[in-house]
Amino acid sequence: MVARIIPVDSFDLIVFGGTGDLARRKILPALFKRFCGGQMPGESRLIGVARRELDDLGYRDFVRSALSEFAGEAAFDTVAVNAFCDMLHYVSVDARGDRGWQALGEMMIPDKVRAFYYSVGPSVFSDLSERLHKYGLVDEQTRIVVEKPFGHDLDTARALNRELARHFDETQIYRIDHYLGKETVQNLMAVRFGNMLFEPLWNAQYIDHIQITVAETVGVSGRGEYYEKAGAMRDMVQNHLMQLLCLIAMEPPSFFEPNAVRDEKLKVIRALDSVQPHHLVRGQYTAADGFNSYREDVDNPRSKTESFVALKCHLNNWRWAGTPFYLRTGKRLNEQDSEITVVFKDTPHSIFGPEAGRHRNELTIQLQPDEGITLGVTIKEPGQGGMRLMDVPLDMSFAETLGPDAHTPDAYERLIMDVIRGNQTLFMRNDEVEAAWAWTDPIIRGWEARGDVPKPYDSFSAGPDDAALLMRRDGREWRGITH
Ligand code: NAD
């Protein structure tokens with residue numbers, strides 16, 4: 001099955017930080033793939049902006065090498081690469097000064113969608129926004145895309161929101177969380193709200209618990225300076241895991257429309273109870289053969305920053321009262337694995353007796369490395385005497401279901417096209433971000449006040465044993481990576 005292409009009008013995407021790591025690895029390859037998919041009409045332009053002195057030809061060479069490294073097989077199509085490069089331009093600008101702004105302003109075309117991607121650190125956002133206005137680059141068709149980290153805590157997030165609000169209307173601001181751009185995350189909404197099957201069971205009466213794991217094998221080397229100030233709670237839980245939690249727990253919105261969806265997500269965050277200290281586990285990876293410890297990676301032998309968090313939390317509302325949500329995320333774990341598992345309760349009475357074993361339905365939403373949704377269904381084990389049961393997966397792996405020719409757009413591809421279409425559904429609103437910080441801040445402040453030191457865990461393990469205990473104390477086990 002070949003994915004349907006929704007046409008868009010030609011547009012200009014201006015990438016501030018166009019020579020940076022994020023542009024090379026994600027933004028440029030994503031745009032190239034949308035170009036190959038026919039979604040960058042002829043008059044569209046991609047304008048790279050950064051401090052480095054380059055001309056259009058120099059930037060095209062830079063982009064060619066980025067594509068050959070990060071765009072996969074699509075980059076072998078030299079005709080497509082050349083045609084894409086013809087759409088590329090470059091302007092050298094100092095975001096904090098006045099150099100280059102006039103030239104950039106002269107390139108703007110009225111009445112054309114104009115998206116400014118802030119692929120630069122948040123300390124530059126304010127200067128950028130101010131100069132966009134000063135040099136007359138903002139019109140009604142303008143939108144801006146901002147990357148994480150969106151603040152360091154509630155106060156800084158509020159200040160950043162206030163600063164952006166001085167220059168732009170909220171409808172022009174796209175706060176990107178690439179987890180929301182994943183096909184499966186959106187499919188989670190399709191599965192929940194497009195089928196009669198799940199929603200009646202989607203509550204504390206039928207669901208035993210929900211767990212969310214985002215495990216990475218990589219450490220923090222190369223990002224040590226940033227990570228040491230952030231830690232797993234700020235870097236992953238406050239944004240990505242919270243967003244996944246919102247989508248799994250929210251009430252059905254009236255429409256699949258930006259503010260209706262974001263209103264429901266906000267209610268979930270506001271319903272989160274504060275987390276008990278004994279429901280929190282922090283960890284820090286130790287050295288392994290040929291691999292540094294966390295403390296070596298960040299060059300701080302006394303670091304108290306966590307590279308792993310596991311926690312149990314509850315939602316104070318009718319739907320979820322009594323259902324625990326377990327979240328965990330960490331670096332240098334034994335597998336790259338992002339998944340959400342919804343574990344349903346036991347049947348109220350087993351008619352098959354004890355030899356049938358204990359079986360539960362589980363819905364697994366796999367986000368990484370492969371995307372797909374699996375529903376575990378209990379059936380009779382074939383050929384055995386008596387009635388022994390087994391669980392088999394009803395598998396909705398996208399690669400298999402949609403066929404080998406289906407290109408599932410990467411999260412950045414989808415999200416950038418949503419910016420161009422002016423659809424904010426999958427972007428975080430200012431109040432969502434602030435509510436998420438309001439929940440995480442007391443947890444982090446609690447650690448700081450107690451001088452909490454994260455538990456060491458072996459690199460390439462499943463994290464500290466306390467994370468397994470968090471589950472086992474409740475008679476449960478983590479799915480996905482195991483201890
Ligand atoms: P980077 O350091 O590799 O690149 C920064 C870019 O910004 C460069 O092109 C640089 O020329 C430009 N820049 C910086 N100051 C400037 C100024 N005063 N005027 C003009 N240009 C200026 O950074 P990155 O890794 O690409 O990250 C960019 C942003 O995206 C950061 O906020 C980062 O936290 C965020 N982010 C990055 C990733 C990633 O995978 N790299 C992932 C998520 C979020």
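Colleague: Is Phe 16 buried or exposed?
Modeller: Phe 16 counts as buried, because its relative accessibility is 3%. Buried means under 20% relative accessible area, exposed over 50%, and partly exposed in between, with a 1.4 Å probe and protein chains only. Keep in mind that this is a predicted model, where local features need pLDDT of at least 70, side-chain atom pairs count only at pLDDT 80 or more, and totals for chains, interfaces and linings use all residues. Residues are numbered from 1 along each chain as its sequence is written, and side-chain values use heavy atoms, leaving out hydrogens and water.

Colleague: And how many aromatic pairs are there?
Modeller: The count comes to 17 aromatic pairs. Rings of Phe, Tyr and Trp (its six-membered ring) pair if their centres lie within 6.5 Å; planes under 30 degrees apart count as stacked, over 60 as edge-to-face and the rest as tilted. One of the pairs is Phe 16 with Phe 116, which is stacked at 5.9 Å centre to centre, with 25 degrees between the planes.

Colleague: Where do Phe 16 and Phe 116 sit?
Modeller: Phe 16 is in strand β1 (residues 11–16) and Phe 116 in strand β4 (residues 113–118), so the pair ties together parts 100 residues apart in sequence. Helices (H or I, at least four residues) and strands (E, at least two) are DSSP runs, numbered from the N terminus. Phe 116 is buried too, at 0% relative accessibility.

Colleague: What about the rings of Tyr 326 and Trp 478?
Modeller: Their centres are 6.1 Å apart and their planes are at 75 degrees, so that pair is edge-to-face. Tyr 326 belongs to strand β10, while Trp 478 is in the segment after α14 (465–472), 152 residues apart. Tyr 326 is buried with a relative accessible area of 0%, and Trp 478 is buried with 5%.

Colleague: Tell me about β10. How many of its residues are buried?
Modeller: Six of the six residues of β10 (residues 325–330) are buried, so the strand is largely enclosed by the rest of the structure. Phe 325, Leu 327 and Thr 329 point one way, and Tyr 326, Arg 328 and Gly 330 the other. In a regular strand the side chains alternate between the two faces of the sheet.

Colleague: Which strands pair with β10?
Modeller: Two strands pair if DSSP finds at least two bridges between them. β7 (residues 207–215) pairs with β10 in the parallel sense over six bridges, and Ala 215 has Gly 330 as its bridge partner. β9 (residues 308–313) pairs with β10 in the antiparallel sense, also over six bridges, and there Lys 312 is partnered by Tyr 326.

Colleague: Switching topic: how many residues surround the ligand?
Modeller: There are 19, and the closest are Thr 19, Asp 21, Leu 22, Arg 25 and Ala 95. A residue is near a molecule if one of its heavy atoms lies within 4 Å of it.

Colleague: Which atoms does Thr 19 bring to the ligand?
Modeller: A polar side-chain atom of Thr 19 lies 2.7 Å from a ligand oxygen atom. A polar backbone atom of Ala 95 is 2.8 Å from a ligand nitrogen atom. Both are polar contacts, pairs of N or O atoms within 3.5 Å; within protein, one must be able to donate a hydrogen and the other to accept it, and residues adjacent in sequence count only if both atoms are side-chain atoms.
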